Structures are given as C-alpha cells and as structure tokens.
Amino acid sequence: MTSKHREISIAEFFEKNKHILGYSNPSKALITCVREAVDNSLDACEEAGILPDILVKITRTGENVFRIVVEDNGPGIEKEHIPRVFGKLLYGSRFHAIKQSRGQQGIGISSAVLYAQITTGKPTTVISKTEGGTACRFEIMIDTKKNEPEIMSFEETEWFSPHGTRIELEIKGSYVKERKQSVYEYLKETSVVNPHARITFITPDGEIHEFRRITSEPPVPPVEIKPHPHGIEIGPLIAMLKTTKARELRGFLKNEFVRIGDRISEEIIQKSGLDSRADPRSLTREDAEKLLNAFRLTDLLPPPVDCLSPIGDRLIMKSLMEGYSPEFVYAVTRKPRVYSGHPFLVEAGIAYGGEIKEDKITLLRFANKIPLLYQQSGCALTQAVVSVNWKNYGLQQSKNELPVAPAVILVHVASTNVPYVSESKEAVSGIPEIIEEVRLALQECGRRLKEYVERKKTIQKRKKKEEELLKIIPLLARKISEVVEKDPVDHEKVIARIMGKVYITRSTDNGKAVIEICNFSSSRKRFRIYEMCEGGINGERIAKWDVEVEPKETVRIEYEFSGKHINVKPLVEGIENELIAGAEVVRFGSGAEGTESSA
Ligand SMILES: Nc1ncnc2c1ncn2[C@@H]1O[C@H](COP(=O)(O)OP(=O)(O)OP(=O)(O)O)[C@@H](O)[C@H]1O
Ligand SMILES: [Mg+2]
C-alpha cells in the first residue's frame, strides 16, 4: 500500500480554511482585504513617525468581482522583502517584537493575496518605494504547495510619491453599504481611533468619503521590550535557553528578560536551586520547570509601559465629537496593567445625545486601534459593557443586555499581546484583568454621564421656572407701578433674585461707567469681566477684572472710558450661563477658575 502521507504547506492549509482568517463570506472577505492592507499602512506609518495619508478605492469589475486599491504614504518596503511580504504566509516584522502593533502574525496581507488568487486567479500588483529609492512594481502570486512567492512580473517604475506602498488586488466579494459590518464602517471606526490619519475612501459607486485628520501629532511609537518572566511559558522558555547567546544562566536571565537585574537574578537562581554559572543550553526540561517556578515565586516590577501607545482621553473625545456630533462626550485612559506578564491598558469613551438619535446603544470595540466588527456577543469587551449596572448611571438596561440610550460607547484595549479569540482578530477573550479594567473605565464614564444628565435636567427645570416668571413678573411690576404711581421696578433684577443668579448692570455717565454685581446665589462666585470700548478704557482697548463676590454681596467696578462700548452688555467668563443675568457669557480660554459650587 502506498502511503498517502505528505507535508501540507501553510498556504495550502489556508487555501482550504480561509474562513479562519476572516474570509467566511463575500462581504466579510472584501472588508478583511481592505482591513489587512489599511492596518499594515497604519502600522508602517506609525513606526516611521509619518502622518498617514491613505487612499482606499474599490471598483466593481464584474459581477461580484471587485478591484481593491490601498495606497499609503508610509516608509515603503525594501525591494528584496516585497515578494515574501505579499507572497508568503507567516512572513512579517512584528511576530517576534513585544510591543503594541496592529499586525502580529505576518499572515494578514499574504492571506489577502491568496484570497484574490483563489477567487479570481489573478496576481496582486504591488508598487512600493522607500525614501530616495526607485519605485518597484511587482505582480505576485503564491505557490501554495511551497508557500513561496511567484513573481509574475517585475519592473522599476516611476511613482509620484516620495515613499509609500500601493497594493491592488482583485477578489470575488460583495459590497454592502451603510451596515455595521461594511468597509465604510470599518474606515469610519478606524478614523475614530486613529485621529492622526487621513483616510479617503472611493466607493464602487464613485462616492468619495474623507475621514479627516483631526490632530497633526503622530502617536508616540511604542518601544519594543523583552519578555517578562511572569508572562513566559515552558515551551518558549526552553527554546530561549537553547538559542541564547549567554554563556551562563545569570547572564541569560539578565539579558533575555525585562525587570531582572543582578539582585533579582541571584534571587531567582537561589529559589530555583540551579547553578548561576550553568550553561543555559545544558539545562533540561525539569531545570526549565524549576526556573519557571522561581519566576512565579519572585516579586517583580510589572513590564515597562512604553511598549504601549494609547490614543489618549482627549483625542478620543475629539474623535467622538468629530464622528458623531454628540451633546456630551467623556473618555478615560486607564493606567497600564498586566495579565500573565503582558502589559495592557484600557480606554473607554461615551458620546451621548446630540446627533446620535438611535435609542439603541452603538458599541465600538477596538484592539490595538483596530475596529472589531464581528462577533460582538462573543467578545469579552461586550461582556464587560453588559456587566456594568447602567441603571446606576440613569440608563435603561435589561438583564444581560447592552444599555438603551442615544449613545455611542467606545472601548479600546491596547496590549503587546491582544488575546484574540481567533486569527481573524474579531473578538477579545475573557481575561479577568482586562474585563475589570474595562468595567472601571466605563463606570467612570457612567458617573460623568449621570452628572451631565442630572445637571441638564436641573437647568431645564430652572429655565422653565424662569420662563414662567418672565410671563408674570413684568405684568405684575407694571400693575404695581400703576397702583402706587411710581416708576416700574427692574423686573430682570427681581427674576435674578428669585432664580438665585448673579445680576450684573452697567450704567454710564459722561465717560464714567459703573458695573454693579449682585450675587443672589447661595455660594461665592469667582469669574472674570471684560469690557471693550472704541476709544479705550483706562488706556486699554479691552479691560478685564477678576471678580469675587460673596452671597448677598454687591461689588462695584468703576472705570473711565472714551468712545462707544463695543460690547452691548458686560462680558463674563468662568461662570455658567444659567447663573448670570445682565451679562453675556464668553469663552476666551483664560477666565478665572469656575464657581466654587453651583447655586
Ligand atoms: N504598507 C506597508 N508598508 C510597509 N510595510 C508593510 C506594509 N504592508 C506590510 N508591510 C510589512 O510586511 C509585513 C507582513 O505584513 P502582514 O500583514 O502579512 O503581517 P503583519 O502585519 O506583521 O501581521 P498580521 O498577520 O497580524 O497582519 C509586516 O510585518 C510589515 O513589515
Ligand atoms: Mg498585517
């Protein structure tokens, strides 16, 4: 009997099992191809400190056949690497590096090339140019039997861009519009967590969408670190012992791991019962086990965190504002933590109301700045959102469901080793430390949202009361003045008194002005007042005073001016609009600190 056994190449394996890599249906396949290319462009730009400018163009070339072009202004790829980057599965620059990056496995873009080849039989065209080099144009296919690139054509060519990469592939797929799972949504969400990128998307219908760059500061590139002793497993440890350049065990520990110095190295060796001068290559599996136990018994500093690159709370808020135009936004970046020796950090944001009309919450999940569009319910990030008691924060929520509110919730986990559920990077697995951090971040967002909503309600109530008063008081004032035959009282002041506001008046006489500030509220108020005159005030065109006024106190400001006032009413800064009457609230960004407590 002839044996049917033979080796299977990784490319052959994925040819048959393409669903594992995210090619399980035509519309998902199209998104996956775009995603693999765009993630790579963003990674490459980030590493090179370049502000990404990315073009994504999809054209329909036949029934269910699409040409995808993704072009970036990244550093480009050196000529000798291009064939294997695109034509060999498991070939990349990030697999061995311990730092946060979108790419991890070295399989992303070559799997897209493979998918194109499987479904249309066509090669992928790549143009790439490095700074000062010549652009190279390759047509590449994959020899699946060998998992090696097949170069169909090569030429040096002219390319307008000083550096960058352009990839063009044709696939069988399906293009869907305006769904949670679409190329548009993927790019929109990508732009939310990559506010330093400009992404232009040309759809098969010729529409052009531009996701603007809203910050010109590129993120600080993460720094590569060595493994942390608490994150290593027996297999990799044995492999490290076999391949290290260190001659002695103590040198091995110090050179190959973070957070091991002379003292810790001695402590570990002592706990393991091994010889500090032993040749690492001579250690057995049992010795490695002893070493691993000693690692566990030793207190170590957590890994350094510059291997992570968060988006930052301010930029998340800015991005949510830009993308969803809400009335309220808040975001948190938590401090880095560690799970099984891998550093990670969690960020969360919430955007509420305004243009967000849908009552059902939209959950945006991200891992290392990649949007996760699929497997929402099977993702630990979703579980964490669901596990928060949103009723505490004033939102409706059924058991084991997402809350109900016109809101967008964003959750981002960044790590040197995102624990994805599968190779296609669709969901994060349930690591307790990560879930806990997400919960803490969301609880803070929830508290802020609750404060906002409650304040909004109070303001609305006050406004309503004021409107009622405005209907009655002027009438009453007129009637009383008629009866007592006196000038009508200043009803604005009366309303300010009833509403507990700060009331400001300006009176002028012959180049002299007096501002009177009466504090009818129950707390001390501090703010800044501005006045502007055509001919100047005390020699200045704009005059300003920092004011502090106790409850029931009246403060007077006197000044001389020439010409007309430019502002009709005094301008105030550093106090809420609803607490002021008789003046206009402005925001120049330099006002005195806000009120001590609201009235
Ligand atoms: N647009 C690009 N610009 C510069 N380098 C690139 C670009 N695309 C890919 N590369 C290089 O090619 C390598 C392989 O890319 P590939 O997408 O296959 O793997 P990866 O991004 O490292 O990991 P993953 O499989 O998780 O995507 C990358 O590691 C990177 O070094
Ligand atoms: Mg990749």
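How do the residues of the shell around ligand 1 divide into nonpolar, polar and charged? This is a predicted model, in which local features need pLDDT of at least 70, side-chain atom pairs count only at pLDDT 80 or more, and totals for chains, interfaces and linings use all residues. Residues are numbered from 1 along each chain as its sequence is written, and chains are lettered from A and ligands numbered from 1 in the order in which they are written.

Select ligand 1 and the 20 residues that surround it (a residue is near a molecule if its C-beta atom, placed from the backbone, lies within 6 Å of it). The shell divides into 5 nonpolar, 12 polar and 3 charged residues, where Ala, Val, Leu, Ile, Met, Phe, Trp, Tyr, Cys and Pro count as nonpolar, Asp, Glu, Lys and Arg as charged, and the others, Gly among them, as polar. The closest are Asn-40, Ala-44, Gly-92, Gly-103 and Gly-108. Colour α2 (26-48) next, since the largest share of the shell, 4 residues, comes from α2 (helices, H or I, of at least four residues, and strands, E, of at least two, are DSSP runs numbered from the N terminus).

Move on to the sheet, which is open and has 4 strands in the order β19-β16-β15-β21, with mixed pairing (two strands pair if DSSP finds at least two bridges between them). β19 (554-560) and β21 (580-581) stand at the edges, each with a single partner strand, so one side of each is left without a neighbour in the sheet. Strand β16 (residues 512-519) runs antiparallel to β19 and is joined to β19 by 7 bridges; Cys-518 has Thr-554 in β19 as its bridge partner.
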